[in-house]
Structures are given as structure tokens and as C-alpha cells.
Amino acid sequence: MAFYREACPTIKNILLLDSEGKRVAVKYYSDDWPTNSSKLAFEKSVFTKTQKTNARTEAEIAMFENNIVIYKFVQDLHFFVTGGDDENELILATVLQGFFDAVTLLLRNNVDQREALENLDLILLCLDEIVDGGMVLETDGNIIAGKVATHSMDDGAPLSEQ
Amino acid sequence: MAQLVKKDDDRDEEAEYSPFIGIEKGAVLQEARVFNDPQLDSRRCSQVITKLLYLLNQGETFTKVEATEVFFAVTKLFQSRDIGLRRMVYLMIKELSPSADEVIIVTSSLMKDMNSKTDMYRANAIRVLCRITDGTLLTQIERYLKQAIVDKNPVVASAALVSGIHLLQTNPEIVKRWSNEVQEAVQSRAALVQFHALALLHQIRQNDRLAVSKLVTSLTRGTVRSPLAQCLLIRYTSQVIRESGVNNQSGDRPFYDYLEGCLRHKAEMVIFEAARAITELSGVTSRELTPAITVLQLFLSSSKPVLRFAAVRTLNKVAMTHPMAVTNCNIDMESLISDQNRSIATLAITTLLKTGNESSVDRLMKQITNFMSDIADEFKIVVVEAIRSLCLKFPLKYRSLMNFLSNILREEGGFEYKKAIVDSIVILISDIPDAKESGLLHLCEFIEDCEFTYLSTQILHFLGIEGPKTSDPSKYIRYIYNRVILENATVRASAVSTLAKFGAMVDSLKPRIFILLRRCLFDGDDEVRDRATLYLSTLGGDGSVVETDEDVKEFLFGSLDVPLVNLETSLKNYIQEPSEEPFDINSVPKEVKSQPLTEKKAPGKKPTGLSAPPTGPTSTVDAYEKLLSSIPEFSSFGKLFKSSAPVELTEAETEYAVNAVKHIFDSHVVFQYNCTNTIPEILLENVSVVVDASEAAEFSELASKPLRSLPYDSPGQTFVAFEKPEGVPAVGKFSNVLRFISKEVDPSTGEADEDGVEDEYQLEDLEVVSADYVLKVGVSNFKNAWESMGPDCERVDEYGLGPRESLAEAVSTVINLLGLQPCEGTEAVPSNSRSHTCLLSGVFIGNAKVLVRLSFGIDGPKEVAMKLAVRSEDESVSDAIHEIVASG
């Protein structure tokens, strides 16, 4: 198991928080945070420590408790991707960028908390298409958004008001 | 930006718009009834699922009953042909992680989707099914999964491959059968399929070195399309390089050209992965390093913080081992000191501290002081550690560095940070004699206002050892006695011990120490009073007969010769079974336990500073002792002397996995065979190991304890006991055959057949070697221990070890042969050294302490010679140690 972790790039969690550090959507793939309260504590510490940084043009990076966190902020939304401290930082950054691009496409450039909550189904499907159990599934934002959006075209039964 | 401000103004109004305001679990569960409507409103259903997922995402939990109800309702939605709704159904099923009997309900629907014409259904159904499935169901769908792996749609192929990676952890024997398909997928033109296939193929073969090596050889020559797959290949290549052993310095390292080629890849993640891999090659030369350092240097001036961070973090690591290679980057590093990202700034500074020269120290220290308050504790620790090594590198600069450390010691900080500072000061005191007095005073001032009991007691202990040796020991007494007045009981007790040490070492202070100790007799805490009474008595402060000076010092300064963890367990056991007899410290086992796997995460982190000699982590020894004493046949063997680490007697991945533990008693040896049955369809009964001891003349078989039954995947043990001459380190080789009755198990009912077949399985040989009779027991001060043992039973001889790979290899071979505990870090051989002295200690069977001093020398053609000096309390033991080397 130890070797599996080391040999294959692994994502520990993806977080989308609002401007007060509250959850919009989160997905954990690692057992490092076994309870909801340990998850909340991690989110709180990550949010507080990154809040003052300027991560609006380029993704920023920080270390927390032997984890690397790459993050980017837009409007009132805070995007985070976490990996182990041995992980290639640029792989984590690529995953964050894929998530960010896909969300931007799915929300039609209106990337803010309200829009994200109103289209939460799309955000959740998006998370599901990026990483599966810690393994990176896809990193290209266009493809991810494409996979999430296909259903609205088929079958003539759109799920959200277009 | 304007928009943002506006939003903030309207926050209250804004919040009203959230679709989840006032959401409540009970109400949503009620809403979920729409899933049962005969005419499904798919949009409405999707919305309800989204609400349920929202609740789960916010940390809400469903009771078992609620989850089951929701699950069954959701399964109704498979009737709808709406793709969007189906996707939400998939998500919901994964989140609910249904139980085995619930899984059956959705299996057929999901299997139908797996064979659907819509690729999106197929890919998702595979992922859902594999997530919730168990072994038996997996065999049913295996055929479809193998097809999916080579499907022309990349999303379907990836879904099957990634599911395979997860399933390999739980059902390895099934996934391993997919090798051929996975291998085909590695050649896929779709980038991510190749990545997933490569990851799975490597995991299937990871225990087969040759196969991994072949895989790497063929792929490094072929085309790898995805940057992620390229990163994987770089990791596997490093692994092959690592395992292919020591490279010959003159020739080229295999695969280096491939790694270097990756430095010119177009994707940054690949360039970085390759650069990092090169810097981590063992024994990397500066010629090999140069191209990697060059690309990392370019990253340092990137506009992307992530790139700068990755580069500076890697260079920081390189600077620890190859500071000269990084000096070229110093100018770029300097500009990073003012980086917005504090992590990058800290890493830059600490790198500069490692690569900088003596003249730049003062300037750097000034810059660091400026930003220390801005950074997190974990980075402060990094800075402190860098300063510690800097100080050892430039001892002349100790004054400014010591000042820096004492300044930050006074500022706010958490325990780990303070401990790092204190450790650093202690190391400086030990290594730089000039720094001793000022360092001790800084520590004294620190404990005047220290909130951490642990640090106070550790410092007091250290003061007790170092303080009496200074020019004016009396000046420390005030600080120590203040602790007795002001602190909690734990600290007061330590302070009393420290006072006693001053009293024992400095005769002129003795009368004054007695006065102080007598005051402690009125302390409110009994431990403090007891200690004061004890010390007054041993030092003669109560007018009683004074013990000899030697005894007093041994008592006060000598180290405890049993590991503390062992003492703790023994004491706990003693308390649990009340007895008239006093506790006997000799009954405490002395074995130092092997490091558990979790420790592996911190390579090279040796305990330094105050956390003096390493104490063994919690153990398996007690478990063994309990296990053995519970078996009546073995209960008369007396005290367990030592249990070896498990020795594998089968190859990895065979039908039956067996390893053996050797338990050594004074006149017996017990082999414990740990067996695991890895075939689900077979039940083993009456399992025993037949041992042939014809190559172990001094052993005679006494008893054997078979294992009644060994079901699939639940390990069991069988034992064989031998008698051997008492106290003699008899050696020998034993051949083993596993004998059992094997019965077939019906997979559907789990019941075994009535009739079984007798069968045998050849295991590898097991050897009892001299090192099995030696316990690893460290001593904290080897020199003292060596001198107090005296030369009476010393045995010295010289040995030629013949040509060796390197000095380090020779040293580790001899250490392993003897099975003794290396002391004071002398097992590490600095590279390029021509001679080395290694200190070892331990306990030989019969409870005899042994100390060993090994002096190695190497000459031209790698011929290694060794002088072995052994001291013990008994000549025969010293001779026995020589015998081990002579016959080894």
C-alpha cells in the first residue's frame, strides 16, 4: 500500500469553499481525515491560513501538516487540491486547473458561490469526473465539462434550467 | 472588483437566494418519496438527489434505516431513461455505499448499463459497480471488465482500468488475470488510458523486478503520450535504477539518458519529475546533477508560485548533500527571500544558509530575523534546523547564531518549535566547547519562564550533566533551586535530581546543596520528598555512612540498561498481579524492538539533542511472550531471551505464505511458523511443519504443535520446539516441509468438503545463527561503559575481510553478522572515508553484557581489514563473539 501511494500520483482531497470558509462541495479520497470534524478542522485551518494570500491570478501553494495544498480563488469561491508532501506539485496544480476550468465552463463564466450552489449537481458530477478514489481520471477542463454536460443535450430532459 | 464589493454589500439579500437555505434532512427524506411515483418527474427527482447529496456533503449522516430507504427508492429511478437523472443516481449509490444484500438489488440494472450503447452509461456503471462490489460478484462481471479495458472508447477503458487499480487492493488474484488486456491498453493512443493502464500494469507486476525492468526498458524507448504517464515512467525508472544496485562510477548509469531527455519535455510536470528524480539518485555525481539543477534554476524565476515552490524545495534538499551544486542558483535564491509566498521565502533562505559562505552569515541572519514572526511554526523549525547545521559548519560564527537562537527562544511559539530550538542549543553546546557557558545560561533563562514541563525537565537533566563541569558551577544553582520553589511537581522532582548531581560532582558545593535538599524534604509532593531523602542519604547529607564515590556517580549518572517501554509493560503487569515479592528489574526484557513500518515515513530523522538514546517503540515481544506461555508444552522453557524478526519461507504470491519466527530460550528454541492460506476455494486442516534437523547436530526435536484448521486469508500458527545445550549458542540449518490436509470449499455456501487430500508443500530452509543469541541493547555513553567494563576479559584480534564493495558495505555486513546494537550513530560511514570505527553493544545469551569496538581500514584495491576488540564480563562470551566473526 505504501508503495502504491508513492508510485502513483494521489489526490487526497478537493475542496470548494465559500468566502467564509464554508463548504460548497468537498470530496475526500484519503483516510487521513476519518471524521467530519477532522475534515472541518482541516478546511478551517487551510482556509484561515490562505485567506490573506493573493491567489487570484496564479494558483498558490502552501504546506499543512505534511500535505501540499494548491489553491486558487475567484470571486467568493476558493478552490483547493491537496496531496501528500512527496507529491509532484505540478501534477496537483494540473488537477486544480482542470477543476477550475471545468467549473468555469459549466457555470458559463459566472464563477461565484450563488451560481455554484444553484448548479451544485454539475459541480458534484464534475468532481466525480476528475478524480476516482484518489486516482486522477482526467485533467483537461474541456473534456471534464464535456462529460458533465452531455446529459443536458440528450433525451430532452434538462436537469437544470438553461 | 466592483462586482465583488457590491456582492458583499448585499450579502444578506444574497443569502436568501441560496437554493439550500433552511434545508432540513427530515423534509428532504419526505420529498424523496417522489422516487416512487408511477409517473417519474425526472427533473424533480434530480433536484431531490442533489439536495440529498448536499446534505451528505455538509457532513449530515443518515441512519441505517434512512440510508436503506433512500437506497431502495433511488433504485426505482433506473426506470427513467433520462441520462442526467441516471448520472445523479450513480453518484447517490456511490455515496450511500450500500451493504452486500442491497448491492444485489442494483447489480442487474448496473450490468445492463455496462452493456448499454451509451458510452457514458457504460463508463459510469463500471465505476459504480466496481466501487460497491465484492469478490463473488466480481467474478461474474470479470469478462465485461476485461472487454472494457480494451474498449475503443477511452472513457470506458479508463473507467475499467481505474476500477482495476482499486480492486487490486482487495481482489488481487482476479485483477492479475487481466494482464494481457492491460498490456494492450498501455499501447493505447488515448493519453489517459495509457496513464491508467501503465499504473495498473506496474501495480500488478510490482513484486516482479525483472518484469518492471522490462516494462521500463521497452517504454523508455517507445512513445508515451500523456505527461502523467511520463511521470509514472520516470518514477518506475528511478525504482529500477535504485534496485539495480550500486552503479560503477566510471561507466554510465543505466537509464540516465532517458531521465535527462525528459528534462527537455514540453510539459512542466514531466521536466520537474525528471529533475527531482535525478537529484534523488543515490550517489549522484555533479556531472549528472548539472542539467537538472539548470532546469530547476529556470523555474526559480517563473511567474507561477507553484513552479518556484517546487524548484526551491527540491534545491533545498539537494543543498543538504551537494551544497556546491546549488551555489549557481544563489542569485535567483536571493531574490526569492522577498517572495510574497512565505513558504518559498523560507525555503530560499534556508537553502542559502546551506550554500552560503561564512561572510554572508551575518547578512542572512538579519534578513531572517525580519520575517521570522510572519511564518508558521513548521517553517520556523526548518529555519532553526538550518541554523543548527550552519553553526556546526562555521563554529566561529557561533556567537551570532547562538544569539539568534536565544532571541527566538524568548518569543511565542508552540512546543515542537521550542523543542527544535532547545535541541539546537544543546547540540551547539555539545559540539562547540566555547559555546557551552553562554548556551547553558540561555537554557537557564528559558526555564525561568517555560510553559512546557517536558522541556523544563529535559533541560534540568542536561544541566545536571554539563553544569558541574563548567568553570563556575555555582551560578546555575539559583536557576535550579528556583524551579523547586516555583514549578509543578514533575519539574520540582527533576530539579532535585539536578541539585544532587551538582552535589556529587562538586565537593565545594556539597554543604550548600545539602541545605537546599533538606528544604525539599518538606515539599508537598511525595516524589519530590522521596528523591530528596534518597539523594541526601546516598550523598551522605543525613550523616549516614557514605557509599563510595564510584557507586554514587554510577547511581546518579549511569544509564538504565533496560528499554523504558519494556520496563513500563513489566511494571504494569506487576501491578495487575499483586504479589508479595518485590519487583525484580532483571525480569525486564532487554530486547530493543524493531521499528514499526509507520516510522519509515521520516527517513534519516535521527533523534538528536535532548531526546538522547533512542527508546524502542512498542512491541511484539510481549505478544510473543504471552502467546508462548499460553501453550502448555512450552511453559516450562523459562524466560524468553529473544524472538527474531519473521523470516519468509515462501516466495511472495504463492498459494501458502509462511514465515517463521525463532524464539530463543536458555536451553530451548521454538520455531513459530505463521501460515496464511491465499486460496479462497481451499481449507487446510491439521497443518504442521515437518522439520529435518540433520544439519543441526546440537538440536533435538521435543514437541510440535499443529494447527487444526487454516481457512482462507486468516493467518494461523504452528510451532515446533527443540532442545539444545543450556546457554550454548548452537547453530544449524533446518529444512521444512508444510504438511496438511486440503479440502475444497464450495464458494456459494462457504462449506468445506467432507473428504480431504493429504498434501505437502516444500518451504525454504531456516537457519539458527549466532546473532540469534545476541540482543540489541544500546548504551548511552559507550566510552564510560567500555572503561567501566575494564580490560580483564578483553579479546582482540584482526581479520581480513577481503575485497569489498565499499567500506560502508563491510561495516553493515559485520553489524548484521553480530546482531549487536550500533551506538552513537557509528553505523554510518561518511562517504570517501578510508577508515572507520564502529561501536556496538548488546547482551549475549546467559544475560552477559557485551561491548564491541570495530576498527576498519581499507587499502587500494578495496581490501578491507578489521580489528575486533570485545569486552564482556566473561572470557567465554568474548571468545564467542570472535567465533561468530571467524566462522561468518
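**Reading the two chains**

Reply: Chain A has six helices and seven strands as its secondary structure. Helices (H or I, at least four residues) and strands (E, at least two) are DSSP runs, numbered from the N terminus. This is a predicted model, in which local features need pLDDT of at least 70, side-chain atom pairs count only at pLDDT 80 or more, and totals for chains, interfaces and linings use all residues. Residues are numbered from 1 along each chain as its sequence is written, chains are lettered from A and ligands numbered from 1 in the order in which they are written, and side-chain values use heavy atoms, with hydrogens and water left out.

Me: In what order do the elements of chain A run?

Reply: From the N terminus on, the order is α-β-β-α-β-β-β-α-α-α-β-β-α. Chain B has 38 helices and 17 strands.

Me: How is burial read, and what share of chain A is buried?

Reply: Buried means under 20% relative accessible area, exposed over 50%, and partly exposed in between (1.4 Å probe, protein chains only). In chain A, 64% of the 162 residues are buried; in chain B, 52% of the 888 residues are.

Me: How are the angle and distance between two helices read, say for helix 12 and helix 13 of chain B?

Reply: Axes are lines fitted to C-alpha atoms, for helices over the stretch in contact, and angles run from 0 to 180 degrees between N-to-C directions. Angles under 35 degrees count as roughly parallel, over 145 as roughly antiparallel, 65 to 115 as roughly perpendicular and the rest as oblique. Helix 12 (residues 179–186) and helix 13 (residues 191–205) of chain B pack at about 140°, with axes 8 Å apart, and are therefore oblique to each other.

Me: Which residues of helix 12 of chain B meet helix 13 of chain B?

Reply: Contact means heavy atoms within 4.5 Å. B:Ser179, B:Val182, B:Gln183, B:Ala185 and B:Val186 are the residues of helix 12 of chain B that meet helix 13 of chain B.

Me: What about a pair that spans both chains, helix 3 of chain A and helix 17 of chain B?

Reply: Helix 3 (residues 89–106) of chain A and helix 17 (residues 268–279) of chain B pack at about 160°, again with axes 8 Å apart. These two helices are therefore roughly antiparallel. A:Glu89, A:Leu90, A:Ile91 and A:Thr94 make the contact from chain A, with B:Glu268, B:Met269, B:Phe272 and B:Glu273 from chain B.
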